[in-house]
Amino acid sequence: MARIVMKFGGTSVADLDRIANAAERVRREVEAGNEIIVCVSAMAGVTNQLVGYVDQTSKMYDAREYDTIVSSGEQVTAGLMALRLQAMGISARSWMGWQIPIKTNEVHGKARIEDISTDLIIERFAEGQVAVVAGFQGLSPRNRITTLGRGGSDTTAVALAAAFKADRCDIYTDVDGVYTTDPRIVSKARKIDMITFEEMLEMASQGAKVLQTRSVEVAMNYGVKLQVRSSFEDTPGTMVVDEDEIVEQQVVSGIAYSRDEAKITLVRVNDKPGVAAAIFGPLSDGSINVDMIVQSVSPDGERTDMTFTVSKTDLGRAIEVLESNREKIGYENLLSDDNVVKISVIGVGMRSHAGVAQTMFRTLSEKGINIQVISTSEIKISTLIAEDYTELALRALHTAYGLDAQ
């Protein structure tokens, strides 16, 4: 007998027929004698609809009420899933985050899980009951509903697997695993059988939407066996594992891209100690995350250009913050561009192989694609290019690194 967390995303529970399909998968695991926790997202499109209601009602909304509203989508799905399982003759009960409880901090909209109580659900396991948990939500220290950020049901599922010491956590979605790149753009993209936590973390953080970044962090930190599977096909998925479980490492495992990028350049900034703090301090205070950063060489030792990226959704606020601090920072002009995309080449094999960056730069050059910004880490190289070249760059790089399916 195994203990398994089964997480179904929005497309997997988009309507009653798909909820029934997901319930059938749960039934198979129950009949195999396993203890099951089902974690569900809101039905496809519901969260966006709820967010729209909030925006239409109040532009300057109370984050606590926002969480109350947007968390309700998962509550509906959990109830429907429990009812469907009961109709199939399976003992099941729905659980909201506050009922378990899943305790979080007080950062509404982006709460972090601090503790999960296991006693009540383990008692129900002894009775043969399936627990259907509403993902994405928790309980603040002040007994208010919190949400974990978009895609937070992945994090709920992995955190449940860690807390309940589950044998594995299966993430069911509308794709049959993690691919070397987006198969909708690159027809020769292929499914990866096994990928390391580090690679998956980079893929997720650089734009791959299969798993939420924080869910991969939790899985890596607690050693949760994670599998990405299709809700609609009975095929093996992609296992996310420790590096030492993969016998032979690919130099490059995948190529991710993010369209949610905007570039800001501060022209002729005072080149003196403290200027970086004057730029990025106010942005941090405004909860605006900065990603890629490049500082040009100062030809006269007095003025330099500073280029960096923020998310497209934060561009307007970032410009406001910088303009309000213009005198303190001391720059002559501010340029912005949201017609950019970040392309990232990822692989743990890069640690021990030279020439990976050269291949990327040469390939893009041969296709006439100009690189605007470059950033690197131990297992990743990212470049910022014009968004118009996204598809061309992905296909060319996928071929250049030998990732095309045979």
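Me: Which helix gives the most to the lining of the second largest pocket?

Reply: Helix α8 does, with five residues. The model is predicted, so local features need pLDDT of at least 70 and side-chain atom pairs pLDDT 80 or more, while totals for chains, interfaces and linings use all residues. Residues are numbered from 1 along each chain as its sequence is written, and side-chain values use heavy atoms, with hydrogens and water left out.

Me: What makes a residue part of that lining?

Reply: A lining residue has an atom within 4 Å of a pocket point; a pocket is an open set on a 1 Å grid over the protein atoms alone, where a 1.4 Å probe is used and protein lies on both sides within 12 Å along at least five of seven lines. Of the 14 residues that line the second largest pocket, I113, E114, A159, V218 and Y222 are the closest to its centre. Strand β5 (113-116), α6 and α8 (213-222) each supply at least two lining residues. Helices are DSSP runs of H or I with at least four residues, and strands are runs of E with at least two.

Me: Why is Y61 called partly exposed, but Y66 buried?

Reply: Buried means under 20% relative accessible area, exposed over 50%, and partly exposed in between (1.4 Å probe, protein chains only). Y61 has 36% and is therefore partly exposed, whereas Y66, at 15%, counts as buried.

Me: What makes the pair of Y61 and Y66 stacked?

Reply: Rings of Phe, Tyr and Trp (its six-membered ring) pair if their centres lie within 6.5 Å; planes under 30 degrees apart count as stacked, over 60 as edge-to-face and the rest as tilted. The centres of Y61 and Y66 are 5.0 Å apart and the planes are at 15°, so the pair is stacked. F125 and F164 form an edge-to-face pair, at 6.3 Å centre to centre and 70° between the planes. F125 lies in helix α5 (residues 119-125) and F164 in the loop between α6 (152-163) and β9, 39 residues apart. Both F125 and F164 are buried.

Me: How do you know that β1 and β9 are paired?

Reply: Two strands pair if DSSP finds at least two bridges between them. Strand β1 (residues 3-8) and β9 have five bridges, in the parallel sense; M6 has D170 as its bridge partner in β9. Five bridges also join β9 to the parallel strand β13 (residues 226-230), where L226 is the bridge partner of C169.

Me: Why is β9 described as largely enclosed?

Reply: Five of the six residues of β9 (residues 168-173) are buried, so the strand is largely enclosed by the rest of the structure.
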